[in-house]
Amino acid sequence: MTYPYGLKTNPYPSSPTPTEQDAKILGGTRHIEAKETITECISDLYKKITRKNSTDNDFRVITLVQDVGSGKTHLALHVKTLKTRQDIVTTYVDLSTISPKTNESIYNALIHGFSKELFSDLKQKFLMQMCDKAQRGDPLAKRALGYGIIDKLKGVTLKQKTEDIIYDKQACTKGIP
């Protein structure tokens, strides 16, 4: 049996990829120094983005490169679990597992790396913005929320209708999951 890169022994103490739960624990001077370097890098990137006229399309990638078995995956998963700034979202993707290496497959892997909580938060923010538009009289926003004359007659408010969608008490009529 051969291990990665033709090594004769397994360089990993247990399994090659730690779980996110395992990665929450980070020890060793080198790992702690590397974590500090990465968090400084994230802060520097954030400062550069805020100096220019940033758009919502800003996207940055930090790549970790080191020897086999040095703990890159453990460190990357640990950084993913850190509570950083609210407006910074991290994900982890093992690029070696992506095949074929197309833009679509890489983007798909990035999306799968995000937490379900992130998508739940995005859904809630999106629907609350839709509710605000509907409350200001936007007929398309009301229609997207499925708010009609029957709701108005029943005394259901736009906010109640939106919260029903957010908490899955009612499906939205225009395909918002």
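Colleague: Which residues form the nonpolar patch on the surface, with about 270 Å² of accessible area together?

Modeller: Patch members need over 30% relative accessible area and no salt bridge, with nonpolar side chains (Val, Leu, Ile, Met, Phe, Trp, Tyr) joined within 5 Å and like charges within 9 Å. Areas are Shrake-Rupley values with a 1.4 Å probe, and for residues only the protein chains shown count as cover. The nonpolar patch, with about 270 Å² of accessible area together, is formed by I111, F119 and L122.

Colleague: What kind of model is this, and what pLDDT do local features need?

Modeller: Residues are numbered from 1 along each chain as its sequence is written, and side-chain values use heavy atoms, leaving out hydrogens and water. It's a predicted model, where totals for chains, interfaces and linings use all residues, side-chain atom pairs count only at pLDDT 80 or more, and local features need pLDDT of at least 70.

Colleague: Is I111 buried, partly exposed or exposed?

Modeller: I111 sits in helix α4. Buried means under 20% relative accessible area, exposed means over 50%, and partly exposed is in between (1.4 Å probe, protein chains only). I111 has 43% relative accessibility, so it counts as partly exposed.

Colleague: How many helices does the protein have?

Modeller: Helices are DSSP runs of H or I with at least four residues, strands are E runs of at least two, and both are numbered from the N terminus. From that end, the elements read α-α-α-α-α-α-α-α. There are zero strands, and the number of helices is eight.

Colleague: Why do S105, L110 and G113 count as being on the same side of α4?

Modeller: S105, L110 and G113 are buried in α4. They're on the same side because they cover an arc around the axis (from the directions from the helix axis to the C-beta atoms) of only 140 degrees.

Colleague: How far apart are the closest N and O atoms in the salt bridge between D151 and K161?

Modeller: A salt bridge puts a side-chain nitrogen of Lys or Arg within 4 Å of a carboxyl oxygen of Asp or Glu, and a search of the whole structure finds one. D151 is in helix α7 (residues 149-154) and K161 in helix α8 (residues 158-166), so the pair ties together parts ten residues apart in sequence. D151 counts as buried at 13% relative accessibility, and K161 is buried too, at 5%. The closest N and O atoms of D151 and K161 are apart by 3.1 Å.

Colleague: Where is the cis peptide bond, and what is its omega?

Modeller: Most peptide bonds are trans. P100 lies in the loop between α3 (72-81) and α4 (103-113). The cis bond joins S99 and P100, and omega is about -5 degrees.

Colleague: How far apart in space are Y147 and T162, C-alpha to C-alpha?

Modeller: Y147 is in the loop between α6 (139-145) and α7, and it's buried, with a relative accessible area of 17%. Y147 and T162 are 15 residues apart in sequence, and their C-alpha to C-alpha distance is 9.0 Å.
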